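Colleague: Could you take a close look at the part of this model where the two chains meet, and tell me how it is built?

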Protein chains: 2
Amino acid sequence: LRHSPIRAVLLTGAEIDQVAGLLTLRERQDLALHATPATLAAIADNPMFGALHPGHVTRHALSLAETFSPVAGLSADVFTVPGKVPLYLEGDNPEIGESAENVGVELTGAGRRLLYLPGVAAVTRAMRERMKRADAILFDGTLFTDDEMISLRVGDKTGMRMGHMPIDGPEGSLTALSDLQARRIYIHINNTNPILIEGSSARRRVEEAGFEVAYDGMEIVL
Amino acid sequence: LRHSPIRAVLLTGAEIDQVAGLLTLRERQDLALHATPATLAAIADNPMFGALHPGHVTRHALSLAETFSPVAGLSADVFTVPGKVPLYLEGDNPEIGESAENVGVELTGAGRRLLYLPGVAAVTRAMRERMKRADAILFDGTLFTDDEMISLRVGDKTGMRMGHMPIDGPEGSLTALSDLQARRIYIHINNTNPILIEGSSARRRVEEAGFEVAYDGMEIVL
């Protein structure tokens, strides 16, 4: 019989990158889907996600005020992060700000903490407090430089306009996260980002600063 | 620079299996998207597909009456096939019938003909005429037996209810396509279908009847 080992899914937003994978989990197998009310609404409004049979895929609204346990032995704490609503739901002038449309997750298990932050426009004081106590931080690595997509002529938006702070530069994450003890791993890396190319100067910069670059199939042991 | 060799996409319907892959083609690269007005409407109604930038992904409404050329050297002829509207757009009692929601394609190039028929509830006389002149037929192989999903307890629908004729049985495609000269290749195979298991009796039945079972990365030379 067909089977998936995935028992629970926690969404940090409804951006296509975050939710399209649900369409490959649309079998009749029990699955708990956790997301903020804003993200659950985006999914409920889209008829394709009706294929996630409600008798098997239970929707759970995340509270920003409470820690919960998605699977035994693991607790999750969800918090807002400066960012943006999903591209396909934005209006003409989307604001970059903190809302339940874009959250981060702090996972705790066996005394270890991991932060998952795929969409970050800025590092707040509250985020810094969480990062200081984390053992690993999976951090938004969308672009290396803010105007990367414009200078490569593959887009007309800066990273900040898309809700992503760059890696490089005085406002970049390489500087903002430089003094942390945690393993720092870049995720959500756009295909224009030169850190994807082994041996590139951008990749060396990141590695020499002690950051890692995530890859498909990566396992993280803490 | 990022690049995809895909220049044109022809959709035979708006079922998730047919359209979800578009979400991985949502870069700013020129792409022609061909579909019937019914399928284009399903995509236009879904905000996620707005990510296919209209300045780069041009929508082309397919006429059922005209042959067209999606890329140089290839002509395509689209025709209705007995089947069903997409699951996520169906009402309480979807009818199985012929409409522009579910089409087949006859591709012609260098004097060779290939038929692509991923959703087939029944073989009509018009389809038989096309099949007789084809060099290869990619045919709906969703289920081996009509009640397969029910007897495996992974679903409550028959294949016919889903708009797919089974492979086996007096009403099945193994019999319906038995006298054709073309290469006959099963595609769109559900993960409950035992023809996926090499050496299974179902797989042997299919192979001994001269049918092939498609696989990821298959190349077909005619």
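Modeller: In this predicted model, 24 residues of chain B are in contact with 24 residues of chain A, and the two chains bury about 2,100 Å² between them, with 61% of that area on carbon and sulfur atoms. Across the interface of chain B and chain A the rule finds 0 salt bridges, and the count of residue pairs in polar contact, with both residues at pLDDT 80 or more, is 1. On the side of chain B that touches chain A, helix α1 (residues 16–19) of chain B provides the largest share, 3 residues, while the classes on that side come to 13 nonpolar, 5 polar and 6 charged residues.

The largest nonpolar core holds 39 residues, and L22(A), V19(B) and L22(B) are those that touch the most other members. Two or more residues of this core come from each of α1 (16–19), β2 (31–35) and α2 (37–44) of chain A, and likewise from each of α1, β2 (31–35) and α2 (37–44) of chain B. If residues up to four places away in sequence are not counted, L22(B) touches V9(B), L11(B), L33(B), I43(B), F49(B) and L52(B). Another core, of 24 residues, lies apart from the largest one, and its members include V81(A), F139(A), L177(A) and F211(A).

As a separate detail of chain B, S200(B) is placed in the loop between β8 (183–187) and α6 (201–208), where its relative accessible area is 15%, and S200(B) therefore counts as buried, the cut-off being under 20%. Leaving aside neighbours within four places in sequence, S200(B) is in contact with P194(B) and I195(B).

Key: Residues are numbered from 1 along each chain as its sequence is written. Chains are lettered from A and ligands numbered from 1 in the order in which they are written. This is a predicted model: local features need pLDDT of at least 70, side-chain atom pairs count only at pLDDT 80 or more; totals for chains, interfaces and linings use all residues. Side-chain values use heavy atoms; hydrogens and water are left out. Helices (H or I, at least four residues) and strands (E, at least two) are DSSP runs, numbered from the N terminus. Buried means under 20% relative accessible area, exposed over 50%, partly exposed in between (1.4 Å probe, protein chains only). Contact means heavy atoms within 4.5 Å. Buried area is the accessible area (1.4 Å probe) that two parts lose on being put together, summed over both. A salt bridge is a side-chain nitrogen of Lys or Arg within 4 Å of a carboxyl oxygen of Asp or Glu. A polar contact is a pair of N or O atoms within 3.5 Å; within protein, one must be able to donate a hydrogen and the other to accept it, and residues adjacent in sequence count only if both atoms are side-chain atoms. Ala, Val, Leu, Ile, Met, Phe, Trp, Tyr, Cys and Pro count as nonpolar, Asp, Glu, Lys and Arg as charged, and the others, Gly among them, as polar. A nonpolar core is a set of buried Ala, Val, Leu, Ile, Met, Phe, Trp, Tyr and Cys residues joined through side-chain atoms within 4.5 Å.
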